[in-house]
Amino acid sequence: MRLLSNVTSVQNILFCIVFLFITGCSTTRTVPSGDRLYTGSKIIWTNDTVTKKKPKDYSDLQSGLNKRIRPNPNRKFLGMPIKLWLYNLGNEPKGKGLNYLLRKKWGEPPVLLSTAKPNYTSEILTGYLVDNGFFQSDVTSEIKYSGKKKASINYTVIPNHRYTIKSVTFLTDTSWIGKTITKTKETSSLIVGAPYSLDSIKAERDRIHAILKEQGYYYFTPDYLLVQADSTNDGKIDLYVKIKDNTPALALRPYKMRDIVLFPDYSLDNDSTSTLGTPMKYKGIYIVDSVHRFKASTFDKSVFLRPDSLYRLSSHNITLQRLINLGVFKFVKGQFQPVRDTSIHNILGGNPNQIVRDTSIRRLSDTTIVRDTTDRSNYRALVNNRWSLDSGWLDAKFYLTPYKRRSLQTELRGTSKSNGFVGSQVSLTAKNRNWLHIASLLEIGLQGGMEWQTGGNAGGSNSYSLGASVAVTVPRFLTPFRGLNIRAPYVPKTRISAGYELYSRSDMYNLNAYTLQLQYLWQKNQHLSHNLAPIAVTYVLPTKTTTAYDSILANDPSQRAAIEKQFILGSNYTITYNTLNPNRIHSFFLSGNIDISGNLAGLIIPRNDTGQKTILGNSFAQYERLTLEGRHYWKIGRGKQWVNRLLIGYGLPYGNSQTLPFVKQFFTGGSSSIRAFRARTLGPGSYHNYAADTSSLLANEAGDIKLELNTELRIHIASVFNFAAFVDAGNIWLQKDVPDKPGSKFTFNTFYREIAVGGGIGLRIDASIVVVRLDLATPFRIPYLPEGQRWVFDKIDFGDPDWRKKNLVLNIAIGYPF
């Protein structure tokens, strides 16, 4: 009772302090005499004079209007102008003390009514309405005074009738470019019957420009297109799309590619020598590499521009991005210049910053190249004088500045795992970015580290690991099929890797892990990536188990799966769709993985006398495993983000395997899962081994099926500090009945009653290069309690030290949980 009384007293004191803080901080204390605090604006929309209704895109129009109102009022958090309060608490600083922090760092000065310009803003809003078809609109403003020192502004929008598109006409001639533009009419973004919109006109110009760039018109830009509007048709608009009269002839001619030259050893320090040498012609492309840094075949799959073919912007962009994505060049710059004399090849030398122009034209009846010095050979002259333009020719030169070929990298980092282990690891990696002179990346790594368990997890003991790996990444697909090359900006890659790792818990066991993998990695675009591993071999061999670990196995035989010998001969495929961007309101991360082991070998190899199928005397695992994960990141305000995650895992062992291999099983609980439960102590199903809550057993509960849901609200507080509130739910289950673990099997009619739920709050210190995360969580629903008693809200008692010890879980981790 005394403890409860003390807690109540502290709460009362804190309440009084907060009350005095809020009431003592007037939002208008620092507003100058004669001025007022500007509290914001409101848009009042009157209905269309004809339809008497709001337009279908009213919400978009409302949002566009609000974005154009200036200034913005003082920012608020949960409806309170906290930054303004902090500013008003201080005085003008004379040094670096508390006043400096309140006024210059934490606070925000009041936004004054005198900084608002209602008449000017009304003009801006009217212009926005005109751009969206409300040609006869009007916007008026009215200042609304509140009290003695506050004011807001109401903007009344009178849109009147909205003009719609009556017709779209393409005013072009019979020249090549005119015919090309006319053919694009069917896919026009200007739709008859749709509201007039300046954005749609810009989109139409960009659309035509993109099509022309794919047809060889290298020098054409959207500015050479004009869309004229005739609004004299009683609320309807006729649109006329045409080429501007002053468009130069340079932009009216389609171009073909002639010489394509690569300088793969270009440097500003030796630009005069790096562009000279003996050109090597390989599959129509010239390569000038005097030091023979690269083999010619390196660029075979990266250059999509080809001699004697039309210039295409897509081929241009893919070539640039492919050359960058080879990973061996830090700078890539392309230069295109017209060819005046097709009998001369200008391959060597050049300046990547040189600008060359071509204005040559010819008459229909004349094959002699002439120059028009009177009107600069523009589009109007071409139409009036019946001139026609032949295809021009372009030379392309790509100047490539390589990275240093070899590097040695040392990395020291802290680690945090879902099972509560934290520690440090040091790694040494030697890289050769141009192994075998074909832009292959060779990586040789050595690593070692130590770990120890924290956070009150059971069975903690120190451990160390040592490992070595070698990997080669080749910038192309290495397959039996020749000529396979995906037309995409990203370089398809083949990665072959092998590794060895020793993991030792000296007082229990040693684990030796050998891995071998062949992977194909490719991206269709910036959001969608694929990873196919047709060969993925893992061999785990335990050694040196101790009597201490044997005693643990005597109490919990299922622990044996954690260190049993495992031979996985499989394949896996992962597809990832990722639109994560801090500037997007809605971002998504979707991932799917399918992992199969022993299917082909199982068809070929017969069973032995024990009923197992073996390779070199080793029984291999047979299973199918599917993992699906989806995340939604919603930016709900400045510095505020709501993240939701769903993860589904399903594994099916068969043949040689009764369960999934331990390294392929699903686990739950811990710092990146259901944070209210300690790592690997939850499940499967309603089963719980209470001995795992003590130090007598290791926590290693695993399952074949996993379901997990997470929701988290993230709020930026100040500087590098962020706050989070979260709720996690889920569990794991087994495919088959295990007598030693009653309630662990998954069944459709009971699984939802075995969902664990927990929640809590967190603090994140985001220092850009590393994020330190502290999450404090407690269970809301415990699935291993008797039915009817699993929701435990009524048992929460922060004043009880025993309850806190058993139910408050502090997770300390590196990085965000998802």
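What follows is a walk through the cores, a surface patch and some charged pairs of this predicted model.

**Stop 1: the core**

Select Phe299, Phe336 and Phe398. These three touch the most other members of the largest nonpolar core, which has 52 residues. Now colour domain 2 (164-251) and domain 3 (256-340 + 395-402): both contribute residues to this core, so it sits between them.

Stay on Phe398 and show its surroundings. Leaving aside residues up to four places away in sequence, Phe398 touches a list that includes Ile260, Val261, Leu262, Phe263, Leu305 and Phe336. Thr319, Lys333 and Gly334 are among the contacts of Phe398 too.

Next, pick Tyr38, Leu61, Ile69 and Ala151. They belong to a second, separate core of 18 residues. As background, nonpolar side chains in soluble globular proteins tend to be buried together.

**Stop 2**

Which elements give two or more residues to the patch? Strand 28 (721-733), strand 29 (756-766), strand 30 (771-781) and strand 31 (809-814) do.

Zoom in on Leu776, which is found in strand 30. Its relative accessible area is 36%, so Leu776 counts as partly exposed.

**Stop 2: charged pairs**

The structure holds 26 salt bridges. Start with Arg162 and Asp57, whose closest N and O atoms are 2.9 Å apart. This pair links distant parts of the chain, 105 residues apart: Arg162 is in the loop between strand 3 (150-158) and strand 4 (164-171), and Asp57 is in the loop between strand 1 (37-45) and helix 2 (58-67). Are the two partners buried or partly exposed? Arg162 counts as buried because its relative accessibility is 10%, while Asp57, at 25%, is partly exposed.

Now go to Arg645 and Glu708, a salt bridge with its closest N and O atoms 2.9 Å apart. Arg645 is in strand 26 (residues 640-653) and Glu708 in strand 27 (residues 705-718), 63 residues apart. Both Arg645 and Glu708 are buried; for Glu708 the relative accessibility is 0%.

Lys706 counts as buried, at 10% relative accessibility.

**Last stop: a network**

Finally, select Arg675, Glu712, Arg714, Asp728, Arg764, Arg773 and Asp775. Salt bridges link these residues in a network.

How values were computed
Residues numbered from 1 in each chain as written. Predicted model: local features only at pLDDT ≥ 70, side-chain atom pairs only at ≥ 80, totals over all residues. Heavy atoms only, no water. Core = buried A, V, L, I, M, F, W, Y, C linked by side-chain atoms within 4.5 Å. Buried < 20%, exposed > 50% of the residue type's maximum accessible area, 1.4 Å probe, protein only. Domains from an automatic or database assignment. Contact = heavy atoms within 4.5 Å. Helix = DSSP H or I, 4+ residues; strand = E, 2+ residues; numbered from the N terminus. Salt bridge = Lys/Arg side-chain N within 4 Å of Asp/Glu carboxyl O.
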